[in-house]
Amino acid sequence: MRIVVTGGAGFVGSHLCERLLAEGHTVVAIDNLITGSVDNIAHLRDPRFEFIHHDVSKSIYLAGPVDFVFHLASPASPVDYLEYPIQTLKVGSLGTHNALGLAKEKRAGLLFASTSEVYGDPDVNPQPESYHGNVSTTGLRGCYDEAKRFGEALVMAYHRQHRLSTRIVRIFNTYGPRMRLNDGRVVPQFIGQALRGEDLTVYGDGHQTRSFCYVDDTVDGIWRLANWVGDAVVGPGGQVLRDEAMPVNIGNPEERTIRQFAEEILHLVGSRSQLTFRPCPTDNDPMQRRPDISRAREKLGWEPRVPFAEGMQRTIEDLRNRLAL
Ligand SMILES: NC(=O)c1ccc[n+]([C@@H]2O[C@H](COP(=O)([O-])OP(=O)(O)OC[C@H]3O[C@@H](n4cnc5c(N)ncnc54)[C@H](O)[C@@H]3O)[C@@H](O)[C@H]2O)c1
């Protein structure tokens, strides 16, 4: 297949490109490098791999056939989307529209990378796909959360109106090699601080929870979802939809508090740093985050396989090497 990956020079996107090439496909990565880097794809020297530097919030023209579109382009860490709120809203709306337009023109399938952030600061734990979320439209995180919620609605509209073959994956916190040291996400932040011998900055009281999934597991879930062809199901209002078009959570249900996580990182890095506590820089920070992955287990036969300590060690090694450079 010839597969397009928007956001292909990003953290998850570059791992997905790698997996698609390993599966024997031809890959076109489209990225404007706003938060990604060509360093992430420099090793993909393969005649089946092509990189196009382009902002997908503007029209996408591509010659030749396309069989599938993975739409991952979007700033994804709080530091990034707080710096680029308008670009984040544009890529979630206009970018998703353009990616859907490309899929429609080429009669291709499309998978939209949504996020656990559509659940906002949830009232239920773990979060099943049926939970509608608790998001503030006007809060600082609104630019990201609402862009993704709009993106999901647009994907469903194309599925309903144009019968496009679509998938929506709600990705929960994913970590692994190639995360940016200063992207503000808790995994590279804690590891970077521990490696530099600095104190680890915990926002809030550290009782908020997160669940971390290793990137290879996330990519495997995304790939299985793209390949899944389910049954017809009756959606809201009695309309018949494809089961595979309905959202699927991909994440690791192993939940830990941020405080516990900080202590585990200190142990894994072998650091004597301390924890310092600061007020949270964004509002509506989720107090709990844990995926209900029953649907992924049942329909995709998927669950995370890489143990926490092993995935973190690989990530620590990668960040250690990059810090040394
Ligand atoms: N990593 C996670 O934990 C996580 C969790 C939930 C959802 N997601 C979603 O997965 C996707 C990838 O996230 P990531 O962690 O790899 O982030 P990332 O920032 O590393 O990758 C995003 C990529 O999209 C590119 N991009 C952004 N706007 C673009 C535009 N207008 N045109 C073209 N390219 C553009 C960036 O340059 C970057 O390479 C995002 O859609 C994100 O919302 C990630």
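What share of the contacts in the chain with a separation of 6 or more comes from residues 24 or more positions apart? And which residues surround the ligand?

Mentor: Keep in mind that this is a predicted model. To begin with the contacts, residues 24 or more positions apart account for 79% of those in the chain with a separation of 6 or more.

The chain is built from nine helices and 15 strands. Its radius of gyration is 19 Å, close to the 20 Å given by the globule rule for 325 residues, so the chain is as compact as a globular protein of that length. Along the principal axes, the C-alpha atoms fill a box of roughly 55 × 45 × 35 Å. Buried residues make up 47% of the 325 in the chain.

Now to the ligand. The shell around the ligand holds 29 residues, and the closest are Gly-7, Gly-10, Thr-35, Gly-36 and Ala-76. Sorted by class, the shell has 13 nonpolar and 13 polar residues, together with three charged ones. Three elements each supply at least two residues of this shell: helix H1 (11–22), helix H3 (85–106) and strand E5 (109–115). Of the elements, H1 gives the most, with three residues.

As background, most residues other than glycine have a negative phi, and most peptide bonds are trans.

Take the loop between H3 and E5, which is where Arg-107 sits. Phi of Arg-107 is near 55°, a positive value in a residue other than glycine. Arg-107 has 11 other C-beta atoms within 10 Å, and it counts as exposed because the limit for that class is 12 or fewer.

The peptide bond from Asn-125 to Pro-126 is cis, with omega near -5°.

A further loop runs between strand E2 (26–31) and strand E3 (49–53), and Leu-33 lies in it. Leu-33 is not a glycine, yet its phi is positive, at about 65°. Is Leu-33 exposed or partly exposed? With 14 C-beta neighbours inside 10 Å, Leu-33 counts as partly exposed, whereas Arg-107 is exposed.

Note on methods:
Residues are numbered from 1 along each chain as its sequence is written. This is a predicted model: local features need pLDDT of at least 70, side-chain atom pairs count only at pLDDT 80 or more; totals for chains, interfaces and linings use all residues. Helices (H or I, at least four residues) and strands (E, at least two) are DSSP runs, numbered from the N terminus. The radius of gyration is taken over C-alpha atoms; the globule rule is 2.2 Å times the number of residues to the power 0.38. A residue is buried if 20 or more other C-beta atoms lie within 10 Å of its own, exposed if 12 or fewer, and partly exposed in between; C-beta atoms are placed from the backbone. Two residues are in contact if their C-beta atoms, placed from the backbone, lie within 7 Å. A residue is near a molecule or strand if its C-beta atom, placed from the backbone, lies within 6 Å of it. Ala, Val, Leu, Ile, Met, Phe, Trp, Tyr, Cys and Pro count as nonpolar, Asp, Glu, Lys and Arg as charged, and the others, Gly among them, as polar.
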